[in-house]
Amino acid sequence: METIGADDILLFCVLFTLFFSSFKLYKKKSQLPPGPVPWFFLGNLLKKDMLPLSKYYSKVRTYGPIFTVWLGPKPLVVLCGYEVVKDALVHHAEEFGGRPFIPVHDKLAKGQGFLGSKDETKWRELRRFTLTTLRDFGMGKNSMSERIREESLSLLKEIAATQVLCLKTSLPLVQKITMRKLCASSLFQLYNSLPQIMDYFPGFHQMMLADSEKLCASIREKIAVSRQNLDPQNPNGFIESFLVRSEEDFYSDGDLVMSVFALFLAAAAVTSDALLFSLVLMAKHPHIQAKVQEEIDEAVGTMRLPCSEDRKRMPFTNAVVHECQRYQIFNPEILSRKVTCHIKFRGYSIPKGTTVLPLLTSVHYDPLQWETPEKFNPNHFLDEKGHFRRRDAFMPFSAGKRSCLGESLARMELFLFFSILLQKFTFQMAGEAKNMDPFSLFLAYKRRKHPQMEAIRRSV
């Protein structure tokens, strides 16, 4: 009788693990909304025309407005269309308001700040404190408008000197490690699906984590300086306010570092990306750019820079800024939520703890909400009389309890930077860039290939 060797035992263990994992995956699949059949272990990660969802959702949506894709062995329930997303984020805010575990965030934040805190109570308090503090220091107020206009002068000087588009953040590292850039990488999905394995492999994710740590180190240096100069009775800025609060609460320096880190990256990603895409669209639609400039000249003139109060007198410009945001396709994986309890939602059963993705691109391209969703059309935000009109299906900052903290600041920044730049310059494509579509041009800029976009000073 032959004895069972170590190789046989190892083979049996491997086969049993594979069988058991496969059984668990398909058991979960039967409990979730329908979707493409997952491959064992890899799920839908390698399936063609599947990821990123923001690009291919229209093909996958054949399964309905609610479907499931598999990122490795982990399911992701995707919500599509305005009615479904609004129902989840607004009408069922608590049920869809959990924070999913995202390995790359955990690796980076180590359980601290906005990105890493697993304690819901702590996260709520951090959010409330941050929002209150930012408002105290002028977020969304006229005083902040003046600071933005001052900052725009530096940008105007740089563009005038080079005569080409050059959008930069205040910290070089921020441009290198924005979360949207990380989420745009296929390695983001692979890392979050198989973090224990990916930690041993080199690649873009490792460079991103290394650059992130460098930014965190510079933030720690800033905190050390702020602590030395701290006046508890008169804190100057967010960091000093946080230091005062940390003395009487359970916040740590690590929470402060990761909160500042998140604010830097969110501001850099949302504002700079949206502004860059807006200027690309203006260069590709010169007749719309000319109409914006005509309105700016009539409402503001050429002797002073536009201010936030001019927005009411510039409905077309305001509509163009909004339409640029609607038209932009971005990677939404950082906006995922977690179901906090088992819920029956629109005929589907979603177990507690399931990660859910409200796909905002599908809201902005919903044919039931927009007259010409596939076209860049500022009239989406104008009524019959040419007045600006708000649209409920406009959600670039998400909605509900986890909507963007800096929405009011981002809106002000986008309007002011956009109108100030178009007051002073006309943007146009040159060379091969003339034949590229706006989405390809935007991605080329993000990948630092820098197709040529000329900034021509206006003679007004």
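Predicted model: local features only at pLDDT ≥ 70, side-chain atom pairs only at ≥ 80, totals over all residues.
Residues are numbered from 1 along each chain as its sequence is written, and side-chain values use heavy atoms, with hydrogens and water left out.

The protein chain has 19 helices and eight strands; these are DSSP runs (helices H or I, at least four residues; strands E, at least two), numbered from the N terminus. Of the 460 residues in the protein chain, 51% are buried. Here buried means under 20% relative accessible area, exposed means over 50%, and partly exposed is in between, with a 1.4 Å probe and protein chains only. Contacts (heavy atoms within 4.5 Å) can be sorted by separation along the chain: among those between residues at least 6 apart in sequence, 70% join residues at least 24 apart.

Two strands count as paired if DSSP finds at least two bridges between them. Strands of a sheet pair through backbone hydrogen bonds, either parallel or antiparallel. On to the next pair: β2 and β6 run parallel and are joined by four bridges. Valine 77 has valine 356 of β6 as its bridge partner. Strand β2 is largely enclosed by the rest of the structure, because five of its six residues are buried.

Axes here are lines fitted to C-alpha atoms, for helices over the stretch in contact, and angles run from 0 to 180 degrees between N-to-C directions.

A helix pair comes next. Helix α15 (residues 286–299) packs against α18 at an angle of about 95 degrees, the axes being 9 Å apart. This makes α15 roughly perpendicular to α18, a class that covers 65 to 115 degrees; under 35 counts as roughly parallel, over 145 as roughly antiparallel and the rest as oblique. From α15 the contact uses Gln289, Val292, Gln293 and Ile296, and from α18 it uses Phe418, Ser419, Leu422 and Gln423. These contact residues comprise four nonpolar, four polar and no charged. In that count, Ala, Val, Leu, Ile, Met, Phe, Trp, Tyr, Cys and Pro are nonpolar, Asp, Glu, Lys and Arg are charged, and the others, Gly among them, are polar.

The loop between α17 (360–364) and α18 (407–424) holds cysteine 404. In UniProt, an unreviewed entry lists Cys404 under "binding site"; such positions are given in the numbering used here, feature names are shortened, and annotations may be inferred rather than shown by experiment. Cysteine 404 counts as partly exposed because its relative accessibility is 28%.

Burial can also be followed in other helices. In α13 (residues 238–246), eight of nine residues are buried, among them Glu240 and Phe242. Asparagine 318 in α16 (residues 315–327) has a relative accessibility of 7% and so counts as buried. Apart from neighbours within four places in sequence, asparagine 318 is in contact with Arg311, Phe388 and Phe415. Glycine 113 of α5 (residues 113–116) is buried, with a relative accessible area of 0%. Leaving out neighbours within four places in sequence, glycine 113 has contacts with Leu126, Asp255, Met258 and Ser259.

Isoleucine 456, in strand β8 (residues 453–457), counts as partly exposed at 39% relative accessibility.
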